[in-house]
Amino acid sequence: MRKKAGCIATVIGVMFVMMGAWAEAYSIPADKIDDQKIFWGTAASFEKPAQVDYRKIIRATEEYASIKKNKIEAGSAKYWILISKASEQAIRAIAEVGEETDYDLIAEKDYLGALEPSIPADDITSLVLKKFK
């Protein structure tokens with residue numbers, strides 16, 4: 001009976017190892033890396049990528065609301081200060097979601113899908129937008 005239990009434990013252990021091997025590892029070729037479109041993680045190696053609609057996240061910030069409410073002219077100094085702060089808030093919220101989830105790369109929407117070969121990614125924009133409520 002002990003021999004049978006030992007065999008079962010071995011089979012179960014092998015199954016767990018094999019399941020871990022099924023997780024596909026991705027990487028973005030160095031010449032295709034766009035640092036402006038990668039917000040969280042390392043492009044050299046990742047297993048669970050996500051994507052976000054960065055513009056939608058920017059529009060959810062208080063700074064962007066201030067631009068619209070106060071009708072601040074695009075291109076003015078005040079506009080660039082506020083849009084810079086909005087960008088900082090957006091990146092901070094994306095990083096928080098990255099830290100709180102198991103997504104190991106978060107990029108701009110459609111960036112990963114446009115690569116050859118394309119890399120499938122979950123859209124987590126809604127998770128990031130919850131940070132602004």
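Biologist: Which residue follows α3, and what is its phi?

Modeller: That residue is Lys71, and its phi is positive, near 50°. Before we go on, this is a predicted model, in which local features need pLDDT of at least 70 and side-chain atom pairs count only at pLDDT 80 or more, while totals for chains, interfaces and linings use all residues. Residues are numbered from 1 along each chain as its sequence is written, and side-chain values use heavy atoms, leaving out hydrogens and water.

Biologist: What makes a stretch a helix or a strand here?

Modeller: Both are DSSP runs numbered from the N terminus: helices are H or I with at least four residues, strands are E with at least two. By that rule the protein chain has five helices and four strands, in the order α-β-β-α-α-α-β-β-α.

Biologist: Why is Ile83 called buried?

Modeller: Buried means under 20% relative accessible area, exposed means over 50%, and partly exposed lies in between (1.4 Å probe, protein chains only). Ile83, in helix α4, has 16%, so it counts as buried. Leu112, with 1%, is buried too. Over the protein chain, buried residues make up 30% of the 133 residues.

Biologist: What does Ile83 touch, if we skip residues up to four places away in sequence?

Modeller: Contact means heavy atoms within 4.5 Å, and with that skip Ile83 touches Ile58, Tyr64 and Ile67. The C-alpha atoms of Ile83 and Tyr64 are separated by 6.6 Å, though the two are 19 residues apart along the chain.

Biologist: How do you know that the buried residues of α3 line one face of the helix?

Modeller: They are Glu63, Tyr64 and Ile67. Looking down the axis of α3, they fall within an arc of 100°, so they line one face; the arc is that of the directions from the helix axis to the C-beta atoms. Glu62, Lys68 and Lys69 are exposed on the other side of α3, while α2 and α4 are among the parts covering the buried residues.

Biologist: What makes α3 roughly antiparallel to α4?

Modeller: Two packed helices are described by the angle between their axes and the distance between the axes. The axes of α3 and α4 come within 7 Å and cross at roughly 150°. Here axes are lines fitted to C-alpha atoms, for helices over the stretch in contact, with angles from 0 to 180 degrees between N-to-C directions. Angles under 35 degrees count as roughly parallel, over 145 as roughly antiparallel, 65 to 115 as roughly perpendicular and the rest as oblique, so α3 is roughly antiparallel to α4. On the α3 side the contact is made by Glu63, Tyr64, Ser66 and Ile67, and the α4 residues include Leu82 and Ile83.

Biologist: Why is a set of residues called a nonpolar core?

Modeller: Its members must be buried Ala, Val, Leu, Ile, Met, Phe, Trp, Tyr or Cys, joined through side-chain atoms within 4.5 Å. The largest such core has 21 residues, and Val52, Ile58, Ile94, Ile106, Ile124 and Val128 have the most contacts inside it. α4 gives the most to this core, with eight residues. A second, separate core of 11 residues includes Tyr26, Phe46, Leu105 and Leu115. In soluble globular proteins, nonpolar side chains tend to be buried together.

Biologist: Where does Leu112 lie?

Modeller: Leu112 is in the loop between β3 (105–108) and β4 (122–123). Pro49 is 63 residues apart from Leu112 along the chain, with 8.6 Å separating their C-alpha atoms.
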